[in-house]
Amino acid sequence: MTTDIPDTCHYVVIVFHSTLVSDLLSDASCQWNVWVPRDISAMTNSCVVIPCTFMYPSGIRPYRGIHGIWYFGQPYPQLFPPVVFKSRTDVVHESYKGRTKLLGDLHQRNCTLLINNIGTEHSGRYYFRADLGGANMYTFPDFAELKVLDQPNIDVPEEIVSDESLELTCYAPDNCPDLTPEIQWMYTDYLPDPEFSSDYLEESNTAVLSNTLTFTPRPMHNGQLLGCRVYYPNTTLVYERLISLDIKYAPRSVWVNVSSEVMEGSSVMLHCEVDSNPPPRISWMFGDQELLWDTASNISLSLDDVTPAQEGLYTCIGDNGYGMMNTSLYLAVKYPPREPLVNDSMTVLEGTSLALHCSTQGSPAPTLTWLKDGELVGTITADELSVLEIMEITPQGDGQYRCLAENEHGRASSSLNITVEYAPVLLEESKCTVVREGVQCVCMATGNPEPTIEFYLPDLNITINETDGRYNFYTHTDGHTSTGMIKLREKGERVDNGGPAVNVHCSIYNMYGRESILLELQQEKKYMMAVIVGTIGGVAVIAFIIAAVRYVGHNNKKENGNPRQDVVLENPALYYSAVKKDKQNLRKKVGEDGDYQPVGSMAGLERQELNYAALEFIGARPREGASGRGDDGSNYTEIKAK
């Protein structure tokens with residue numbers, strides 16, 4: 001319905017679709033003016049009504065009525081734009097034949113246009129030209145922009161963030177009087193608690209129907225499809241549009257390799273994957289050091305020729321601006337023990353307490369064992385540090401200490417030497433012994449540094465050492481043991497028990513102490529045994545000679561036919577003298593081995609010879625229970641010592 005517009009052109013009231021639109025125009029504005037919606041839309045194959053009102057100067061009187069022309073694309077006739085509608089004739093552009101109709105009354109300044117069965121090719125700008133006759137023709141520069149849609153519009157926010165409420169609105173134009181659309185959402189079954197609301201918006205005589213879907217998206221909804229369907233009841237016109245949800249969410253998972261073990265010198269690949277939208281900036285961190293980064297959904301860090309220094313915690317961090325997440329793994333580098341670090345070799349004083357440290361590195365942690373001269377000492381420690389405590393070390397603690405480190409991949413060791421210094425200690429082997437040539441005194445002592453040995457004869461106030469060459473003095477050092485020996489030719493005076501009296505002191509000393517001891521005089525057992533064995537040997541020789549003489553005499557008698565009788569030696573002392581002489585020569589020879597000098601008051605004494613027992617040889621008559629025949633039939637004789 002339209003109202004008459006007075007010529008005075010004070011104001012115009014136009015009603016479209018039962019909607020009141022008022023436009024108050026002053027007299028000054030009553031020039032060539034037009035009102036059309038700047039934007040209007042319609043679905044393909046439907047129709048659209050473009051509302052239009054125009055004005056012309058009040059002083060113009062239409063000549064032969066008022067006519068109007070609708071152009072498409074251009075407002076200037078000289079450019080020959082396509083004619084959409086022309087009131088004077090039916091000559092229109094081919095694409096608009098039978099499609100357009102003027103709904104408004106031009107005399108009422110209403111130029112509203114209807115376009116039926118429109119297609120996407122009809123989208124564009126539409127201009128109206130008023131023809132009042134003569135030179136009063138005017139093409140209005142204002143235009144209506146028509147958008148012909150083949151699918152509905154969905155208003156999607158520029159950014160959809162997970163866990164934040166989302167509204168999606170689907171729009172359908174309602175500018176076709178004979179068709180009323182309806183809107184329906186599709187693929188919403190998987191959405192959490194979706195809500196729907198409809199609305200109708202009419203502005204500038206254009207109408208839009210909308211339906212809003214509200215829900216809270218989750219990361220799992222990223223990439224899911226949603227659809228909006230617009231349909232016209234009782235027709236076959238159906239329009240659909242699908243969208244894929246692009247939901248932004250912070251990293252929700254960071255996957256890395258499980259913690260692993262590698263051998264020293266090998267290679268390993270550390271892989272990291274991050275689930276986020278958009279793809280994050282992924283970085284591999286080792287401590288505070290960034291080793292590698294990239295903007296991607298996954299990244300791999302390659303480590304070649306791995307060393308123990310690369311053992312530790314590796315962290316993968318994903319950050320996409322919406323949040324940050326990280327996951328770590330531990331890389332263990334296995335290797336055999338390194339050469340242990342131990343104390344330096346040392347020299348300590350007896351009684352000192354020590355702590356020997358042994359430290360090493362190895363993976364797995366090695367066992368540490370302390371050995372002294374190859375023997376186990378202390379306890380076995382399963383750690384990278386072992387301390388061996390030695391309380392008040394003794395001379396027996398002197399030696400090599402070795403720390404042995406072992407694990408399943410190998411072994412290594414380091415050693416140190418401990419030298420224990422201590423004051424001299426006299427050994428029990430120290431003594432004076434009566435020997436055949438006189439008296440031999442031996443003094444043995446151990447100490448570190450090795451002790452110096454001197455002999456002192458208090459009766460003569462004489463000190464015998466290496467610097468004194470008057471006496472037969474001998475010293476020897478073996479390790480920390482020193483041995484000193486002197487030989488005195490005289491045996492000294494007899495004491496009550498029948499032995500010689502010798503007064504010899506042994507003095508031992510080093511930088512840590514001195515000690516002087518009177519050496520005990522002992523009868524040498526070996527010498528006594530030699531005398532006994534010599535005596536028995538002499539008797540055996542004489543017995544052998546007698547037996548031999550008797551055997552020869554017996555044979556001679558047998559050859560002469562004389563009857564058998566026992567033989568008696570007429571001069572057995574002759575054989576004894578021969579044996580004794582041999583023994584004397586033997587002693588003389590032994591005595592020449594050393595140069596023995598008389599000492600002190602014993603110098604005037606003559607050397608005492610061994611006393612041999614006199615032997616009485618009894619005739620070879622068998623005695624009851626004392627003589628008999630040997631196994632070979634020969635006779636034997638008893639030897640008796642007086």
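This is a predicted model: local features need pLDDT of at least 70, side-chain atom pairs count only at pLDDT 80 or more; totals for chains, interfaces and linings use all residues.
Residues are numbered from 1 along each chain as its sequence is written, and side-chain values use heavy atoms, with hydrogens and water left out.

E11 and E12 form a hairpin with five residues between them, and Gly133 in the turn has a positive phi of about 95°. Strand E11 is mostly covered, with seven of its eight residues buried, where buried means under 20% relative accessible area, exposed over 50% and partly exposed in between (1.4 Å probe, protein chains only).

| Strands | Bridges | Residue pair |
|---|---|---|
| E7 and E11 | six | Tyr71 and Tyr127 |
| E11 and E13 | three | Tyr126 and Ala144 |
| E11 and E12 | three | Arg129 and Thr139 |

**Two nonpolar cores**

A nonpolar core is a set of buried Ala, Val, Leu, Ile, Met, Phe, Trp, Tyr and Cys residues joined through side-chain atoms within 4.5 Å. The largest such core has 31 residues, and those with the most contacts inside it are Phe54, Trp70, Cys111, Ile115, Tyr126 and Phe128. Strands that each supply at least two residues of this core include E7 (67-72), E11 (124-131) and E13 (144-149). Leaving aside neighbours within four places in sequence, Phe128 is in contact (heavy atoms within 4.5 Å) with residues including Phe54, Trp70, Leu106, Cys111 and Tyr138. A second, separate core has 28 residues, among them Ile154, Cys170, Leu237 and Tyr239.

Six of the eight residues of strand E16 (166-173) are buried. Three bridges join E16 to strand E14 (residues 153-155) in the antiparallel sense, with Ile154 partnered by Cys170, and eight bridges join E16 to strand E19 (residues 206-215), again antiparallel, with Leu168 partnered by Leu213.

An open sheet of three strands has the order E17-E20-E21, with antiparallel pairing. Strand E17 (182-186) and strand E21 (238-244) stand at the edges with a single partner strand each, so one side of each is left without a neighbour in the sheet. Strand E20 (residues 225-231) is joined to E21 by seven bridges, and Leu225 has Ser244 as its bridge partner in E21.

Definitions and conventions:
Two strands pair if DSSP finds at least two bridges between them. Helices (H or I, at least four residues) and strands (E, at least two) are DSSP runs, numbered from the N terminus.
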